[in-house]
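Dear colleague,

Please find the structure below, handed over for your records. The findings follow directly after it.

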Amino acid sequence: MMELGVIFGSRASEHDVSIISGLQILENADKSKYHAFPIYIARSGAWYVGEPLRDVKTYRDFDPQQKGLTRVFLPPEPGQNALYSFGSGLFGRTQRVCGLDCAILALHGMHGEDGTVQGLMELADIPYSSCGLVGSAVGMDKIIMKQFFRGAGLPVLPGCWFQRSAFEKDGQSVADQVEKELGYPVFVKPANLGSSIGVSRADDREGLTDSLELAFEYDRRVLVEKGLD
């Protein structure tokens, strides 16, 4: 039977959404074909496996020391096809915890949906769901994706983008450029988030400043697009 790891969680702002996605996949996986098991990436970035991860209550106040949980890692080496535990003590050795024939990536946002975990799977030569590394990276980054679409001759909304450092240095100049190039209304978006987190509409200078401050809390690069009815 195929060892099917469902990976969810991660360091992203969409951590909680990812947990729900992962648990739904585990609940609905065909048990006659797959041994589907949870692989949880905590907010710290540490990976865990164990039966408690099937219960949503485990995540309300996650305790990495909870009985039944094992911290693991995936070696970026072809042919291993398994998760291993960390060695403990001065002469501790890593141990094989469970096999991993294929991975379902139920990750949302950065550190998972952006090509990072896809790259790890490529190195480990483990089949996985979702787009490949390049498609995931381009699709996650709104600024690069917009430039790619424009280069392919597709119609896209007018927009401009900024670095956090430029906004912190001279926020008024950033607002001036938006007003000059786009006018109002505009939508302000962190470059690398999904689920509409950090996205807001601005209809005047005050709203634009507030929207930029919000978006820069989530990413160092921000896209501003012209609103269109």
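Strands S3 (residues 47–49) and S4 (residues 70–73) pair in the antiparallel sense over three bridges; two strands count as paired if DSSP finds at least two bridges between them. Within this pairing, valine 49 stands opposite threonine 70 in S4. S4 also pairs in the antiparallel sense with strand S5 (residues 82–85), over two bridges, and here phenylalanine 73 stands opposite tyrosine 84. Helices (H or I, at least four residues) and strands (E, at least two) are DSSP runs, numbered from the N terminus.

This is a predicted model, in which local features need pLDDT of at least 70 and side-chain atom pairs count only at pLDDT 80 or more, while totals for chains, interfaces and linings use all residues. Residues are numbered from 1 along each chain as its sequence is written, and side-chain values use heavy atoms, with hydrogens and water left out.

Serine 10 lies in the loop between strand S1 (2–9) and helix H1 (15–28). Serine 10 counts as buried because its relative accessibility is 1%; buried means under 20% relative accessible area, exposed over 50%, and partly exposed in between (1.4 Å probe, protein chains only). A polar atom of the serine 10 side chain lies 3.2 Å from the backbone nitrogen of alanine 12. Leaving aside neighbours within four places in sequence, serine 10 is in contact (heavy atoms within 4.5 Å) with residues including His15, Arg43 and His108.

In helix H2 (residues 116–124), the buried residues are Val117, Gln118, Gly119, Leu120, Met121 and Ala124. These buried residues pack against S1, S3, strand S7 (102–105) and helix H3 (133–140). Just after H2, aspartate 125 takes a positive phi of about 60°.

The count of salt bridges comes to eight, each being a side-chain nitrogen of Lys or Arg within 4 Å of a carboxyl oxygen of Asp or Glu. One of them joins glutamate 225 to lysine 146, with the closest N and O atoms 2.5 Å apart. This pair links strand S11 (residues 221–226), which holds glutamate 225, to helix H4 (residues 142–151), which holds lysine 146, across 79 residues. Both glutamate 225 and lysine 146 are buried.

Glutamate 225 also forms a salt bridge with lysine 189 (2.7 Å, N to O). Lysine 189 lies in strand S9 (residues 186–190) and glutamate 225 in S11, so this pair ties together parts that are 36 residues apart in sequence. Lysine 189 counts as partly exposed, at 21% relative accessibility.

Yours sincerely

Definitions and conventions. A polar contact is a pair of N or O atoms within 3.5 Å; within protein, one must be able to donate a hydrogen and the other to accept it, and residues adjacent in sequence count only if both atoms are side-chain atoms.
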